[in-house]
There are 2 protein chains.
Amino acid sequence: MTAPIDFYFDFASPYGYLAATQIDGIAERHGRKVRWCPILLGAVFKVSGMKPVMEQPLRGDYLSHDAPRFARLLGVPMTMPAKVPLNGLAASRAYWWLEGRDPGKARDLAKAVYHAHWGEGRDMTTADQVAEAAGPLGIDAADLAAGIQDPVVKDRLRAETDEAIRRGVFGAPFFIVDGEAFWGADRLHQVEQWLARGGW
Amino acid sequence: MTAPIDFYFDFASPYGYLAATQIDGIAERHGRKVRWCPILLGAVFKVSGMKPVMEQPLRGDYLSHDAPRFARLLGVPMTMPAKVPLNGLAASRAYWWLEGRDPGKARDLAKAVYHAHWGEGRDMTTADQVAEAAGPLGIDAADLAAGIQDPVVKDRLRAETDEAIRRGVFGAPFFIVDGEAFWGADRLHQVEQWLARGGW
């Protein structure tokens, strides 16, 4: 099969960042494309009853140690941001605004935001902060600020988040490959095996 | 280093079962021993604020599909039990009772209980059911029933669970290797890499 891999993520998730540094390479090795799909996990948690990992006793401490360790294993930079969890609303809307115009550039924006937030530890809450990360891509800050206020863009983010919940997404990163769901950056290994073998 | 790997698990967890089929082999390949340590996740969840996965909307459905898929990948049998989640109190106490007498046999008991529950889908709630799984190991049912009522054994299970929480265990399976914590059967890959490289 050659259907694209659906890659659901929230900019607030360090594991989403780690997955974002790997998923395109994995897909490419197996002749696949990836559909990048930022959503807001806050809406998902209302349905699933879960809480952000960083707000959970014990699990938050684990994450603070595990995410940088995982990053070292992958050889990608990670700097824990001073301010967590990130509210990824502006960044997610910026993605969907750009995706309607230039999907390739939207993906570059997502990577730039992830890198700025989790690679460099910078806050990415506001439209200005997102625009700063997007600057090197030739994205105009005023266009971006206007774009994320567009009702069509706001609706798109809501619709993608709702559709994710309908498809069973309960966390991030979350991958759907040929109808098979895989949750977590630590499942990239299985995603790759699934692609290599065509299932098992 | 040659310190044993601490392997925390709850008999109620299918991922604990999957890990239990792998961890000794991984340790052996790297000259390590494993300290098997059944605990009661219910007590852990009281601290962490988490709920059993199977009781979480969306996540429960994922687990029902994912755990058997993971088992197929590992080539181990899995039959989803009709009755979940298991109350692993009797099985866990039986383990700690036997561990004080014959640690090797206690491990065999843990494997037998896991296999009966997750490999064959049998209920393992009662002392009688645990004794039935333990029968082929030459463990006397009356001894086992008396053992799990021993206050020393009850205290041991409580103490091991408390110690797990103190060490940051918030789910199962959970591995501690040279002071490094890894959560989840999907991290066995990283546990093995950690052992092979001596860290990274």
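I began with charge pairs in this predicted model, and across the interface of chain A and chain B the rule finds six salt bridges. One of the pairs I looked up is R69(A) with E180(B), whose side chains meet in a salt bridge at 2.7 Å, N to O. I then turned to polar contacts across the interface of chain A and chain B, for which the rule finds 17 residue pairs, both partners at pLDDT 80 or more.

Next I asked which elements of chain A give two or more residues to the side that touches chain B. I found α3 (41–48), α4 (59–74), β4 (180–183) and α10 (188–197), and of these α4(A) gives the most, with eight residues. Sorting that side of chain A by class, I noted 17 nonpolar, seven polar and eight charged residues.

For the extent of the interface, I recorded 32 residues of chain A in contact with 32 residues of chain B, and about 3100 Å² buried between the two chains, 56% of it on carbon and sulfur atoms. L58(A), Y62(A) and L73(A) supply 22% of the area that chain A buries against chain B, more than any other three residues.

Last, I looked at R187(A), which I placed in the loop between β4 and α10 of chain A. Is R187(A) buried or exposed? I count R187(A) as buried, because its relative accessibility is 3%, under the 20% cut-off. Leaving out residues up to four places away in sequence, I listed its contacts as F182(A) within chain A and Y15(B), Y62(B), D66(B), R69(B), F70(B) and D186(B) in chain B. With D186(B), the side chain of R187(A) makes a polar contact of 2.7 Å, side chain to side chain.

Notes
Residues numbered from 1 in each chain as written. Chains lettered and ligands numbered in written order. Predicted model: local features only at pLDDT ≥ 70, side-chain atom pairs only at ≥ 80, totals over all residues. Heavy atoms only, no water. Contact = heavy atoms within 4.5 Å. Buried area = accessible area lost by both parts, 1.4 Å probe. Salt bridge = Lys/Arg side-chain N within 4 Å of Asp/Glu carboxyl O. Polar contact = N/O pair within 3.5 Å; in protein donor to acceptor, adjacent residues only side chain to side chain. Helix = DSSP H or I, 4+ residues; strand = E, 2+ residues; numbered from the N terminus. Nonpolar A, V, L, I, M, F, W, Y, C, P; charged D, E, K, R; others polar. Buried < 20%, exposed > 50% of the residue type's maximum accessible area, 1.4 Å probe, protein only.
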